[in-house]
Amino acid sequence: SSLGVVFMTACPNGHRLTAFLVPNNTFRCDGCSDSADLFDTLYGCRKCNFDLCNSCNSLLINAMRSQKQKAVQQHIEEKDPDPDWPDPTKIYKLGNKLGKG
């Protein structure tokens, strides 16, 4: 079931990633290290020069969704007034364990 939450991915420094079309063949995913082809979609932070391919961005969103669901379930079970919502630094560590690279 959906929690009605839109997950926005961020670089390890917390800046929101934005989708863009790869303008040349020098781009590489920082998640799996795969090269990006011309006009592929990547999700990037220009400030940090950090990019994720669609697969790694989806993996990160799924990890965030899983962590959110666990926090909500724990909140329901413990009746904790302030559940621990996803922490981007913890998500990246989980994503790296689940990722290709």
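Patches here are built from residues with over 30% relative accessible area and no salt bridge, joining like charges within 9 Å and nonpolar side chains (Val, Leu, Ile, Met, Phe, Trp, Tyr) within 5 Å. A salt bridge puts a side-chain nitrogen of Lys or Arg within 4 Å of a carboxyl oxygen of Asp or Glu.

In this predicted model, local features need pLDDT of at least 70 and side-chain atom pairs count only at pLDDT 80 or more, while totals for chains, interfaces and linings use all residues. Residues are numbered from 1 along each chain as its sequence is written, and side-chain values use heavy atoms, with hydrogens and water left out.

One such nonpolar patch is made of Leu21, Leu38 and Phe39, with about 340 Å² of accessible area together (Shrake-Rupley method, 1.4 Å probe, only the protein chains shown counting as cover for residues). Phe39 sits in the loop between strand 1 (18-21) and strand 2; strands (E, at least two residues) and helices (H or I, at least four) are DSSP runs numbered from the N terminus.

## How exposed are Phe39 and Cys48?

Phe39 has a relative accessible area of 60%, so it counts as exposed (over 50%; buried is under 20%, partly exposed in between, with a 1.4 Å probe and protein chains only). Cys48 is partly exposed because its relative accessibility is 27%.

## Around Cys48

Cys48 lies in the loop between strand 2 (41-45) and strand 3 (50-53). Leaving aside residues up to four places away in sequence, Cys48 touches Cys11, Asn13 and His15 (heavy atoms within 4.5 Å). Cys11 is 37 residues from Cys48 in sequence, yet their C-alpha atoms are 7.6 Å apart.
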